[in-house]
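The points after it are grouped by topic.

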Amino acid sequence: MKRMEAAKQKYDSIPIPDELSKRVRMEIEKADKIQHKTRINRKRNTVIKKTAAAAAAAAILFTVGVNSSETFAKAVCDLPLIGSIARVVTFRSYETKTEDAGISVDIPSVDFISADLDGLQKEVNEEIHTFCEQYADQALSEAAEYRQAFLETGGTKEEWAEHEIQIKVWYEVKAQTDQYLSLAVMGNNNWNHAGYASRYYNFDKRAGTWISLKDLLDPDQIPSAEESVRSQIKQREKETGMEFWGDEWKGIGQDTSFYINSAGNPVIVFAEYEIAPGAAGTQEFEVIK
């Protein structure tokens, strides 16, 4: 565990080039202005015509240039309205390739239709966009450092190209029901097993609020939920033949990572190395309510 913590501290301490961070941030701000203008027009049309809800479900295409001729960017609103409250749109999508690595990024935004939720929408999307930006910046910086070390130790540029270093940032809508919206945003690369990162965003649309696992489960359900997870950990340990570290899990807390599945049940997520060796990957355990 100490080795894992030391590796994580080293990863988190990698400096992010100011020029790269400013460039990504500038493009996000540019696309944000386009999206804001679109939302204002949609709300104005809602007042004029009640059928604007159907129009709000139409695809919106943004084209945003990012770096140079090597880069293309696109953003498509391709998911339907979730009930009448919220939807998830592709805020920005781009691919680019540098001498260090190739990168593919899909950045989502949560679009709350109600004007009363503008504050929540801003807070949510700022956090999502920051996570995506920081992951991409840090992964590119780490790839550049990796390439430099590779060349300095005798590797050639041709051999480096054969590595086909790739960085990916993407998202998945885990659940879209009348009451809940559950979204996972992830970043990964193909050279560092410890480089996977994820964030989960869960909302109660009826209340217009974020929800934690403790909000989703009644107090008297938490002990049985924890016992269910521990039992599943032991079962998976038997199935895989790997030694899990379930005893180190402190139980359900305010910051426990989870998403909501299509059945409306919470799925607790453990990151790589959190309760098992890295070879086990991310571990997920459904809690039946």
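Helices (H or I, at least four residues) and strands (E, at least two) are DSSP runs, numbered from the N terminus. The model is predicted: local features need pLDDT of at least 70, side-chain atom pairs count only at pLDDT 80 or more, and totals for chains, interfaces and linings use all residues. Residues are numbered from 1 along each chain as its sequence is written, and side-chain values use heavy atoms, with hydrogens and water left out.

**Arg 147**
- Helix H4 spans residues 118-152 and contains Arg 147.
- Arg 147 has a relative accessible area of 11%, so it counts as buried (under 20% relative accessible area; exposed is over 50%, partly exposed in between; 1.4 Å probe, protein chains only).
- Beyond its neighbours within four places in sequence, Arg 147 is in contact (heavy atoms within 4.5 Å) with Glu 99, Asp 100, Lys 157 and Trp 160.

**Nonpolar cores**
- A nonpolar core is a set of buried Ala, Val, Leu, Ile, Met, Phe, Trp, Tyr and Cys residues joined through side-chain atoms within 4.5 Å.
- The largest such core has 34 residues, of which Val 110, Ile 128, Ile 167, Leu 183 and Val 185 touch the most other members.
- Elements that each supply at least two residues of this core include strand E3 (86-97), strand E4 (102-112) and H4.
- H4 gives the most to this core, with 11 residues.
- Not counting residues up to four places away in sequence, Val 185 touches several residues, among them Pro 108, Ile 128, Phe 131, Trp 170 and Tyr 201.
- Another core lies apart from the largest one; its 22 residues include Leu 213, Phe 258, Ile 268 and Ile 275.

**The E9-E10-E11 sheet**
- An open sheet is formed by 3 strands in the order E9-E10-E11, with antiparallel pairing (two strands pair if DSSP finds at least two bridges between them).
- Strand E9 (258-260) and strand E11 (283-286) are the edge strands, each pairing on one side only.
- From one strand to the next, the twist averages 25 degrees.
- Strand E10 (residues 266-270) pairs with E11 in the antiparallel sense over 4 bridges; Val 267 has Glu 286 in E11 as its bridge partner.
- Helix H7 (residues 222-240) packs on the sheet and touches E10 and E11. The direction of H7 makes about 130 degrees with that of E11; axes are lines fitted to C-alpha atoms, for helices over the stretch in contact, and angles run from 0 to 180 degrees between N-to-C directions.
- The covered face of E11 holds Gln 283 and Phe 285, and the uncovered face holds Glu 284 and Glu 286.
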